[in-house]
Amino acid sequence: MKKNRLYKLLFLGVLAIFCFANYAGAQTKGTNVTATIVDEQGVPLSGVDIFAPKGVQATTNADGNFEITVEGNKAIVVEKKGYDSQYLSIADLAGNITLKKSIFLASERDKVKMGINTQYRRDMVGAVSSITPNDNMTYDHTQRVKDYIDGLLLGVKGSNNIRGLGTALFVIDGVIGRNPDILNTEEIDQITVLKDASAVALYGNQAKNGVIVINTKRGAVNNRQANVSIRYGMNEPISLPKYLGSTQYMQLYNEARNNDGLDNYYDSALIEEFATSTNKYRYPNTDFYSSEYLRSFTNSADIITEFSGGDEKTQYYVNMGWNYDQSLVKTNPDANAGTNRFNVRGNIDFKVNDFIRSSIDAVAIVSSSKSSLSNLLDEGTTFKPNLYAPLFPVSMIDTTGNPELAAQVAAAGQYGGMLLGGSQQFKEDAPVADVIAGGYRNSIFRSTQFNNSIDFDLDMITKGLSAKTYLSFDFYDAYNLTLNNKYSVYEPTWDGDRIVGLTPYGDVDEKDLTENVSTNSLVSRFGFYGLLNYQTTIKENHSLNTTLLGYVNSQSEEGVIQADRNAHVGLQVAYDYKKKLFAEINAAYINSIKLPEGNRGGLSPTLGVAYILSQEQFIKDIDFIDFLKVKATGGIIKSDLGISGYYLYNEDYSNGSTVTWADGQSSNRAKNLRQGANRNLGFEERIDLNLGFESYLFKSLWVEFNYFKTDMDKQLTSLTNVYPSYYTDFRPLNNYDKDSYSGFELGIDYKKTSNDFTVNIGANILYAKAEVAKRDEINAYDYQNTVGKPTSAIFGLVDDGFYSENDFTVDGEGNLTLQEDMAVPSYGTVQPGDIKYLDQNGDNVIDNTDKKHIGQTSSPWSYGVNFKLKYKGFSLFVLGSGQFGSEGNLSDDYYWVDGNDKYSETVLGRWTPETASTATFPRLSSQTNQNNFQRSTFWMYDNSYFSVRRAQLTYEFSKNVCKKIGMNKLSVSLAGSNLLQLAKNSDIRQLNIGGNPQFRSYTLGLRTSF
């Protein structure tokens, strides 16, 4: 199976390379042209790229000369980083061609695409960060977009949280709310993060938490490219749950019962049989996380092909990809077939006439994930190791002299010489049988997207006037195809190591011959925006750029009555003086149908200024400062994003008790009011301030810093303390709560080249303090208040070790009673080995009033660091990221073990009288133990970490080698992800319970360009 998949991968890759080689190699004879390119001082420029139609490309030599063949009377494009590109006809290719040096941060490569509009990096006022994946794709192959973001972009915490405010809004190709998980990084042109209010204002109320803008690639004039990327990976589980085997489980369960004053559940002779017998079918020790059921590693593969190009009239970009991820469960590989994903994208730009340009984008994605009906990774958290053998061999069944048993075996469903195990008690808890014989579930996801833009050049009306319309449709369809087979399981009757009888349970074996279809979700989305733009320069020194915008977005989901609709109009007025002093006003007037009539409109105004100090002489005189810009923005963003439903401003009624009258002959249900009306309900508000600077030093070091303060005000809540206690049912929702965020972000990037060696080091750090600023709370004790504490504060008890025998008195009958000076817990009777808590308020009772602030779940500090070392054809790229300052809580049944729970390795540190001084886990109990499993400092852990997220070693073949084999570029690579995590509690952080584990991956890659 593995070989067939590998052969398929290699065949598709070779086929793609062959097709693209023939595609790129088709050339047409034309006019031979030679010329020399110089700078404004007449100095020849080397390394200038010349693009001609049909994909012909040349590069100037050390003397600035080039030679190229151009078909007919077509034009060429001349490009070099740091210079303004030129579009030239053949008649212009005589003598010297002069390239003008670009203004710093104002070249074609410095355009930042913010979805709705585009600005040069030099002109930007707001807090914006961007990255172009294609610049680094050769050295960093990762294809999952969110993985690519994490650690690389300044101001982003993780992959989608900007400055700790919450989940950011994703905008893909100008469309609000698209999911980046359906993209591969290869098809992305630029990722831009809009952080402050000024930057996000034009996106209206959905942009409250910040915006991450993703623009996909487009074709370029005369720049024909054909690229193929092939990757094959091996993924190793970093950590799997570790549960105790049968013998230990039974021994410790007996201990738990003894602790509760109960007799043993398992006989000691039976435990001895489990410990010494070699018959694993009669005395099983089942572990669904063992190599018997799981692979030691999984395979993954992807092939991505893309080609682009065009002339002055039409440009195109096409991306096609296939991705495969193998299932970790190896039992019944036909059912657990893994995930296949196919995608195709086409982006076309074309010129309609001299003043109208248009684009059409179409995307189709199909993903199929086939798995068995039972998930062993989840079932393994509860399936006891000693229950029964999920499978047992037919060869152990002794049918001698027993024709009825022989007939029963012959009629039973056999799977590789094995029968499905079970018992009367667990006939419906047979996960392995379900995996092997139950059928399968194939989860299908389909997405189609369509965009159309039309750009109007309205210079004929007035110079500098333009307009644009943008229309988009999305359809998402997710459904399951299932086969549900019927089967029987068998409980064997043993005589020594022979099976002498079978007791069947369940259905008669019967295969489902028809796939059953169940629809999970069907979502459609429509979006439109139109804008009118006017640019002008007044008396050379004054520039004005004004944009008026209208935006509508509507999303409908099957089974949901109310569509999610958003609409707003926006205005941007940008002014600059001598390209050194910038001022920008952004405003959006938004509409929300979640609010009562009269309150559905709101204005979100912002103002920003920036000043390029390095234009002034007193800064120019400082040799090491090449560029310095300071900036400040502020504003208010109104939003209904935190309003979780519709009609929350109205009264809300529920059915009450039955009311009878007429001597009980008539009755009806009463109506109870459970929420009062508030016709003044309004928008939530983000009040924002950003101060920062950007600087380029020593011609090699980029530094960016921002200080921010953000208040999330007027958040919805139901007030309790402003009303009498009897007013419970009449309380409405109000705009009252407020949270405050403040901090800074610092990013640096250093790049230096010396001969054949290049070093590039980048680092970013974010400090985001998030505090509760206002709540409607009156608590008996100050430590219970949330105001002034982190928004992600953990409230819990403070543990004081374990109770010991000295904490109790013993009466004549052996009953334990807490000492008189001990606080009495309200969570049930305790005994030695239970967790003891501090009495915070001194009332001699341990209850919820003793819970205080003990930590926070969100890290205020996050950072990323990356470096790339390049020597000739070799390069090494490493990316790491981390966070510190937060805590985690252990709370699931892997750690909170009591009652009839399965025992994990954590209970080995349990309290006993012999281990009282070293115990790390409370005493075992076979009953529900509320006292030990309260949220408390006992179950908290430091969640700080640093991870080496990705590393890649790449070799790029020289241009001469590539030319000989008919390619423009060729590279091979070895990459790894999740290679190392440095953390005090990495064993906890890297363990997933009940689902797919975290993987450490190793990938071989090949990239080529024609």
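**Exercise 1.** What is the order of the 5 strands in the open sheet, and which kind of pairing does it have?

*Solution.* Before starting, note that this is a predicted model, in which local features need pLDDT of at least 70, side-chain atom pairs count only at pLDDT 80 or more, and totals for chains, interfaces and linings use all residues. Residues are numbered from 1 along each chain as its sequence is written, and side-chain values use heavy atoms, with hydrogens and water left out.

Step 1: the strands of this open sheet follow the order 10-15-16-13-14, and the pairing is mixed. Strands here are DSSP runs of E with at least two residues, helices are runs of H or I with at least four, and both are numbered from the N terminus; two strands pair if DSSP finds at least two bridges between them.

Step 2: strand 10 (128-131) and strand 14 (175-176) stand at the edges, and because each has a single partner strand, one side of each is left without a neighbour in the sheet.

Step 3: strand 15 (residues 188-194) and strand 16 (residues 211-216) run antiparallel and are joined by 6 bridges; I191 has I214 in strand 16 as its bridge partner.

**Exercise 2.** Decide whether R686 is buried or exposed, and find the backbone oxygens that lie 2.7 Å and 2.9 Å from its side chain.

*Solution.* Step 1: R686 is placed in strand 36 (residues 684-697).

Step 2: the relative accessibility of R686 is 0%, so R686 counts as buried, a term that means under 20% relative accessible area, with exposed over 50% and partly exposed in between (1.4 Å probe, protein chains only).

Step 3: a polar atom of the R686 side chain lies 2.7 Å from the backbone oxygen of K195, and the backbone oxygen of K208 lies 2.9 Å from a polar atom of that side chain.

**Exercise 3.** Describe the largest cavity and its lining.

*Solution.* Step 1: the structure holds 3 cavities of 30 Å³ or more, where a cavity is a set of points on a 1 Å grid over the protein atoms alone at which a 1.4 Å probe fits but cannot get out, and lining residues have an atom within 4 Å of a point.

Step 2: the largest cavity contains about 120 Å³ of space, and among its 17 lining residues M114, S198, A199, Q572 and E584 are the closest to its centre.

Step 3: helix 3 (197-200) and strand 31 (581-591) are the elements that give two or more residues to this lining.

Note on methods: 1 Å grid on protein atoms, 1.4 Å probe; cavity = no way out; pocket = protein on both sides within 12 Å on 5 of 7 lines; lining within 4 Å. Points joined across faces, edges and corners; volume = space filled by probe spheres on them. Polar contact = N/O pair within 3.5 Å; in protein donor to acceptor, adjacent residues only side chain to side chain.
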